[in-house]
Amino acid sequence: MMTKMILYKEWLKTRWVLLGIVLVVCAITFYCFLNLTKVVQIRGAEILWETLVTKETVLTEIFRFVPAFVGALLALSQWIPEIQHKRLKLTLHLPYPQGRMILLMACFGLFLLTVLYALQACVSALVFAQWIPVELVSRVFRTMLVWYLAGWAAYLFTSALCLEPTWRFRVLILLVSAGLLRILYLSGTPEAYNGFLPWLLLYVLFSGGLLFSSETRFKEGLQD
């Protein structure tokens with residue numbers, strides 16, 4: 001029962017921001033494929049094949065930074081109200097394990113992001129499948145996986161930053177987040193990260209530990 005109440009609270013906080021995020025993602029995706037449709041109508045689908053095979057592009061570069069942006073925005077919509085209205089201390093005093101509560105709130109955000117990324121990927125794949133073979137569609141989305149991973153990282157780092165009560169550790173979180181996101185965006189070459197994705201996924205998940213570290217200091221009332 002308490003779990004359902006916490007999830008419902010998170011939904012109430014984020015539903016309008018989530019709607020805005022969905023509209024933005026849909027608009028960017030539509031714009032991207034509208035441009036590609038015009039190219040196909042003028043020059044034929046063969047130009048997409050040639051571009052994907054001979055050039056270092058996956059035709060969806062306009063979407064490259066969107067997952068990180070929406071990840072950070074969703075985190076802000078979850079944690080800023082808790083901090084500004086001083087609701088988090090009350091939330092942490094509910095008859096529910098505090099660490100599990102933070103984990104549940106974080107998992108709620110990651111779940112929403114994952115569903116959004118998956119839907120965007122499925123819609124994009126259906127559109128691409130009209131013009132290019134499955135092998136090239138797979139190449140596009142293996143490249144985009146690291147962008148979705150950057151969205152997870154941006155969500156976790158922003159959440160930890162919002163929750164962190166001390167400036168010393170805020171600076172540390174900013175440095176760690178800047179370093180990891182820099183790695184995730186270091187190369188724009190298609191499939192450049194294929195061999196490293198499992199390790200990068202582990203690094204992103206381990207970075208979620210910063211959120212629990214911030215929660216501990218927040219609970220203890222530490223401040224600079």
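Predicted model: local features only at pLDDT ≥ 70, side-chain atom pairs only at ≥ 80, totals over all residues.

Visitor: Which helix does Thr143 lie in? And is Thr143 buried or exposed?

Guide: Thr143 lies in helix α6. With a relative accessible area of 7%, Thr143 falls under the 20% cut-off and is therefore buried.

Visitor: What does the side chain of Thr143 have close to its polar atom, and how many Å away?

Guide: A polar atom of the Thr143 side chain lies 3.0 Å from the backbone nitrogen of Glu191, and Glu191 is also one of the residues listed as contacts of Thr143.

Visitor: Changing topic, how many cavities of 30 Å³ or more turn up in the whole structure?

Guide: The search finds two. The largest cavity holds about 60 Å³ of space, and Thr143 and Glu191 are both in its lining, together with Arg64, Arg142, Val146, Trp147, Ser187, Gly188, Thr189, Ala192 and Tyr193.

Visitor: What is the make-up of that lining by class?

Guide: The lining of the largest cavity has four nonpolar, four polar and three charged residues.

Visitor: And the second largest cavity, what lines that one?

Guide: The second largest cavity has about 40 Å³ of space, and its lining is made up of Ile28, Thr29, Cys32, Phe33, Thr60, Ile62, Phe63, Gln120, Ser124 and Met144. Two elements, α1 (2-43) and α5 (98-128), each give two or more residues to this lining, and α1 gives the most, with four.

Visitor: Let me jump to α8. Which of its residues are buried?

Guide: In α8, which covers residues 197-207, the buried residues are Leu197, Leu200, Val204 and Ser207. Seen down the axis of α8, these buried residues fall within an arc of 80 degrees, so they line one face of the helix.

Visitor: What is exposed on the other side of α8?

Guide: Pro198, Trp199 and Phe206 are exposed on the other side of α8.

Visitor: Which elements do the buried residues of α8 pack against?

Guide: They pack against α6 (134-163), α7 (167-184) and α9 (209-220), which brings us back to α6, the helix in which Thr143 lies.

Definitions and conventions. Residues numbered from 1 in each chain as written. Heavy atoms only, no water. 1 Å grid on protein atoms, 1.4 Å probe; cavity = no way out; pocket = protein on both sides within 12 Å on 5 of 7 lines; lining within 4 Å. Points joined across faces, edges and corners; volume = space filled by probe spheres on them. Nonpolar A, V, L, I, M, F, W, Y, C, P; charged D, E, K, R; others polar. Buried < 20%, exposed > 50% of the residue type's maximum accessible area, 1.4 Å probe, protein only. Arc of directions from axis to C-beta. Contact = heavy atoms within 4.5 Å. Polar contact = N/O pair within 3.5 Å; in protein donor to acceptor, adjacent residues only side chain to side chain. Lists of a residue's contacts leave out its neighbours within four places in sequence.
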